[in-house]
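User: I would like to learn how to read the features of a model like this one. Please take me through them one at a time.

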Amino acid sequence: MAPPAPPPSRVFAELDPGPSPVPEGRGGSPALPDREVHVSGSAELSALPDRARVSLRLGSRKEAAAEARSSVSRRLQYIAHSARQRGVPEENMTVTEDFSRVENTYQMEAEVCIIFSDFGQMQNICNLLIEKLGTSVTINPPYFYHTPEAIDTLRWTCLLLCCSFCLSVCVTAVGNTRRKAQEVCRLFGQALGKPLLIKEEETKEWGGHIDNHLSQSADSLTLQERIQNATAYASCRVFAVFEIKGKENRRSKLL
């Protein structure tokens, strides 16, 4: 499958400086536009997953339908109570049940999906359920992921970091970049002006992955390895153009 086409670049600010006006009382054609300085900045950031989904499975097979239902119901109530007691909102828990007849018995199966934003809380609850319910419940490894809000934050933080680097030439966003740039400009009798163009040239996003060549299987990964594999990355490059004013323009403005 061919990779998706990259998104078109975006222009965040663009000002047309236009030709310099002719000083009053002087004839001739307008002065040539001021010279420009081009600045580019790039950044790469990463963000750990902010959510984890844990799936718990339990079941019972009895000759009497009521006994099968009751056995599963008691454990479901204990799981929900334990999660709520430790701060998991009700809306973050989803329960699905399946009741069937197998030969001469009744089978009741259930699955509980719990969404966690606190991974320490997740570990504590899972450890408690294993301790109290033992093999009567199967807890699958957590699935880590990012909410859309987290991805948007990563994308815009990366983009703003690039813009800040470029704008630092004029607004001291990064260390002494502005001072150094002004010193260079003074050597040539120039002054830094306003930004004429700020353009996003490239943005990339990608996520972690599990190397299939690793000796250990996905099920044997540690919690930290799973979190690392779910880490999201973003990179971007921004191009900016700033006006450079000559001495003649500065004197005109003072007058």
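Analyst: Start with the surface. This is a predicted model, and its accessible surface comes to about 16,300 Å². Carbon and sulfur atoms account for 53% of that area.

User: What share of the residues is buried?

Analyst: Of the 255 residues in the protein, 32% are buried. The protein has 6 helices and 9 strands. Among contacts with a separation of 6 or more, 78% join residues 24 or more positions apart.

User: How should I read a nonpolar core, and which residues touch the most other members of the largest one?

Analyst: The general idea is that nonpolar side chains tend to be buried together in soluble globular proteins. Here the largest nonpolar core has 26 residues, and Ile79, Ile114 and Met122 touch the most other members. Two or more residues come from each of β3 (51-62), α1 (65-85), β5 (105-116) and α2 (119-133). The largest share, 6 residues, is given by α2. A second, separate core holds 16 residues, including Val39, Ala47, Cys163 and Cys166.

User: Which residues does Ile114 touch?

Analyst: Setting aside residues up to four places away in sequence, Ile114 touches Ala52, Arg53, Val54, Leu56, Ile79, Ala83, Val88, Asn92 and Met93.

User: Which residues of α1 are buried, and where do they fall around the helix axis?

Analyst: The buried ones are Ala68, Ser71, Val72, Arg75, Leu76, Ile79, Ala80, Ser82 and Ala83. Viewed down the axis of α1, they fall within an arc of 165°, so they line one face of the helix. These buried residues pack against β3, β4 (93-102), β5 and α2. On the face turned away from the buried side, α1 carries the exposed residues Ala66, Arg74, Gln77 and Gln85.

User: What does the side chain of Gln107 make a polar contact with?

Analyst: The partner is the side chain of Glu109, at 3.3 Å. Glu109 is also found in strand β5.

User: How does Glu109 count in terms of accessibility?

Analyst: Partly exposed covers values between the buried limit of 20% and the exposed limit of 50%. Glu109 has 38% relative accessibility, so this residue counts as partly exposed. Beyond its neighbours within four places in sequence, Glu109 is in contact with Leu58, Gly59, Thr96, Glu97 and Asp98.

User: How far apart are Glu109 and Arg69 in sequence and in space?

Analyst: Sequence separation and spatial distance are read separately. Glu109 and Arg69 are 40 residues apart in sequence, and their C-alpha atoms are 8.8 Å apart in space.

Definitions and conventions: Residues are numbered from 1 along each chain as its sequence is written. This is a predicted model: local features need pLDDT of at least 70, side-chain atom pairs count only at pLDDT 80 or more; totals for chains, interfaces and linings use all residues. Side-chain values use heavy atoms; hydrogens and water are left out. A nonpolar core is a set of buried Ala, Val, Leu, Ile, Met, Phe, Trp, Tyr and Cys residues joined through side-chain atoms within 4.5 Å. Buried means under 20% relative accessible area, exposed over 50%, partly exposed in between (1.4 Å probe, protein chains only). Helices (H or I, at least four residues) and strands (E, at least two) are DSSP runs, numbered from the N terminus. Contact means heavy atoms within 4.5 Å. Accessible areas come from the Shrake-Rupley method with a 1.4 Å probe; for residues, only the protein chains shown count as cover. A polar contact is a pair of N or O atoms within 3.5 Å; within protein, one must be able to donate a hydrogen and the other to accept it, and residues adjacent in sequence count only if both atoms are side-chain atoms. The arc is that of the directions from the helix axis to the C-beta atoms.
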